[in-house]
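Hello,

Please find the structure below, followed by notes on what came out of it.

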Amino acid sequence: MVSAKVIFATITGNNEDVADIITEALENLGATVEMEEISQSDASDLNNFDIGIVVPYTYDEGSLPDEGLDFYEDLQELDLTGKLFGVAGSGDTFYAEYFATAVDDFGTAFEEAGATKGSANLKIDLAPEEEDIANLEIFAKELFDKANTSED
């Protein structure tokens with residue numbers, strides 16, 4: 001059975017909504033999922049799951065969430081070879097070039113840890129709307145399908 005850990009950082013609640021949507025989509029596909037706030041998470045726990053998903057927000061002009069800095073640094077030091085990852089998060093297009101850059105930063109950290117990208121990074125403008133929900137469900141399905149294939 002496919003297992004996933006969904007870790008989110010949020011100020012406004014938008015990313016908790018994103019994490020809820022991903023979690024529900026994965027559970028509907030038959031995965032076992034744990035969801036946790038980033039400040040309560042230990043990056044090394046990702047070794048216990050087939051899929052690691054981070055849902056970060058981007059602060060100010062491209063800054064990572066303060067409460068996720070330790071997690072981010074620890075993530076880069078792990079060996080996640082054989083694990084899948086996905087990163088999705090909301091941002092504000094008002095920040096133009098800095099729009100949701102934490103999504104890309106976490107994606108790079110997963111790659112540096114040797115994990116395999118299971119779905120393209122997904123950026124959402126503010127709160128998830130109907131089209132975003134559909135895209136998040138596709139995101140979850142791509143991750144699930146790749147994890148299911150690698151288990152065979």
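Predicted model: local features only at pLDDT ≥ 70, side-chain atom pairs only at ≥ 80, totals over all residues.

Residues are numbered from 1 along each chain as its sequence is written, and side-chain values use heavy atoms, with hydrogens and water left out.

Aromatic pairs

The structure holds 4 aromatic pairs (ring centres within 6.5 Å, taking Phe, Tyr and the six-membered ring of Trp; planes under 30 degrees apart are stacked, over 60 edge-to-face, the rest tilted). One of them is the tilted pair of Phe 71 and Phe 106, at 6.5 Å centre to centre and 40° between the planes. Phe 71 sits in helix α2 (residues 69-76) and Phe 106 in helix α3 (residues 101-112), 35 residues apart. Helices (H or I, at least four residues) and strands (E, at least two) are DSSP runs, numbered from the N terminus. Both Phe 71 and Phe 106 are buried. Tyr 72 and Phe 106 form an edge-to-face pair, with 5.1 Å between centres and 80° between planes. Tyr 72 is in α2 and Phe 106 in α3, so this pair ties together parts that are 34 residues apart in sequence. Phe 106 has a relative accessible area of 0%. Ring pairs join Phe 71, Tyr 72 and Phe 106 into a cluster.

The 12 residues of α3 should span 16 Å, and the end C-alpha atoms are 17 Å apart, which agrees (expected span: 1.5 Å times one less than the number of residues). The buried residues of α3 include Thr 101, Val 103, Phe 106 and Phe 110. Those buried residues pack against β3 (51-55), α2, β4 (84-91) and β6 (122-125), where contact means heavy atoms within 4.5 Å. Gly 114 follows α3 and has a positive phi, near 90°.

α1 has 16 residues and reaches 23 Å from first to last C-alpha, close to the 22 Å expected. Among its buried residues are Asn 14, Val 18, Ile 22 and Leu 26. Gly 30 follows α1, with a positive phi near 110°.

Cores

The largest nonpolar core has 25 residues (buried Ala, Val, Leu, Ile, Met, Phe, Trp, Tyr and Cys joined through side-chain atoms within 4.5 Å). Val 6, Ile 22, Leu 26, Ile 51, Ile 53, Val 55 and Leu 136 have the most contacts inside it. At least two residues of this core come from each of β1 (3-8), α1 (14-29), β3, β4, β6 and α4 (130-151). Not counting residues up to four places away in sequence, Leu 136 touches Val 18, Ile 21, Ile 22, Ala 88, Leu 122, Ile 124 and Pro 128. Another core, of 24 residues, lies apart from this one, and Ala 9, Ala 43, Leu 75 and Ala 113 are among its members.

The loop at Ile 11

Ile 11 lies in the loop between β1 and α1. At 61% relative accessibility, Ile 11 counts as exposed. Ile 11 and Tyr 57 are 46 residues apart in sequence and 8.1 Å apart in space, C-alpha to C-alpha.

Regards

Conventions. Buried < 20%, exposed > 50% of the residue type's maximum accessible area, 1.4 Å probe, protein only.
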